[in-house]
Amino acid sequence: LLFQKGDLVGAEAAYRESLQTQPAAIEPLNFLVMTMAREGRIAEARGYLETHLKTYPEHGHAAQRLGELLLQTQPEEALRFYQDQIARIDGGLQPRHVPLLMGLAQAWQANQQPEEALRTLQRAEVLAPEDAGLAVML
């Protein structure tokens, strides 16, 4: 509510307080990072996400948010990030990994490699042929 009203300072304080009592909570982390990014504090938001991912590496939403921040500011690093995230997946890619593949495709595109982006999206389509978001990107 504070974020929506434009009270970014109050919103950030509330999200930090929530994370102190529930450090694994995704929603306050997401909103905290969005608040930081909105204020142009991308490096700080990135650091917060990286620290969170060291403690909770299974939190795919935090990884996705970090990838999005990198895409906005450092496309080459975003490409490496998504490649590393996908390389770490044990047991092969599954439909739940489609958002990572979509992020990788966006990173390929941002790095002027549309053929790789298309190949990545086709790979994702094999995993989730009914994914509406994927269909839009193809």
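First, the ground rules. This is a predicted model, where local features need pLDDT of at least 70, side-chain atom pairs count only at pLDDT 80 or more, and totals for chains, interfaces and linings use all residues. Residues are numbered from 1 along each chain as its sequence is written, and side-chain values use heavy atoms, with hydrogens and water left out.

Let's start with the core. The largest nonpolar core has 38 residues. By nonpolar core I mean buried Ala, Val, Leu, Ile, Met, Phe, Trp, Tyr and Cys residues joined through side-chain atoms within 4.5 Å. Buried is under 20% relative accessible area, exposed is over 50%, and partly exposed is in between, with a 1.4 Å probe and protein chains only. Leu-49 and Tyr-82 have the most contacts inside this core.

Who supplies it? At least two residues each come from H1 (8-21), H2 (26-38), H3 (42-55), H4 (60-73), H5 (75-87), H6 (98-110) and H7 (114-127). H6 gives the largest share, eight residues. The helices are DSSP runs (H or I, at least four residues), numbered from the N terminus.

Look at Leu-49. Not counting residues up to four places away in sequence, Leu-49 touches Leu-29, Val-33, Ala-62, Arg-65, Leu-66 and Leu-69. Touching, or contact, means heavy atoms within 4.5 Å.

Now the helix pairs. The axes of H1 and H2 come within 9 Å and cross at roughly 150°. Those axes are lines fitted to C-alpha atoms, for helices over the stretch in contact, and angles run from 0 to 180 degrees between N-to-C directions. H1 and H2 are therefore roughly antiparallel. The cut-offs: under 35 degrees is roughly parallel, over 145 roughly antiparallel, 65 to 115 roughly perpendicular, and the rest oblique.

Which residues make that contact? From H1, Leu-8, Glu-12, Tyr-15, Arg-16, Ser-18 and Leu-19; from H2, Pro-28, Leu-29, Phe-31, Leu-32, Thr-35, Met-36 and Arg-38. By class, the contact of H1 with H2 has eight nonpolar, two polar and three charged residues. Here Ala, Val, Leu, Ile, Met, Phe, Trp, Tyr, Cys and Pro count as nonpolar, Asp, Glu, Lys and Arg as charged, and the others, Gly among them, as polar.

Next, H2 and H4. Their axes are 10 Å apart, at an angle of about 10°. So H2 and H4 are roughly parallel to each other. On the H2 side sit Ile-26, Leu-29, Asn-30, Val-33, Met-34 and Ala-37, and they meet His-61, Ala-62, Arg-65 and Leu-69 of H4. The contact of H2 with H4 splits into seven nonpolar, two polar and one charged.

Two histidines to click on. His-52 is in helix H3. His-52 is buried, at 7% relative accessible area. Not counting residues up to four places away in sequence, its contacts are Pro-23, Ala-24, Ile-26, Leu-29, His-59 and Ala-62. His-97 is in the loop between H5 and H6. His-97 counts as buried, at 7% relative accessibility.

Then the outside. Ala-43 lies in H3. Ala-43 is exposed, at 65% relative accessible area.

Last stop: is Gln-112 buried or exposed? Gln-112 is exposed, with a relative accessible area of 66%. Gln-112 is in the loop between H6 and H7. Gln-112 has a positive phi of about 60°, although it is not a glycine. Most residues other than glycine have a negative phi.
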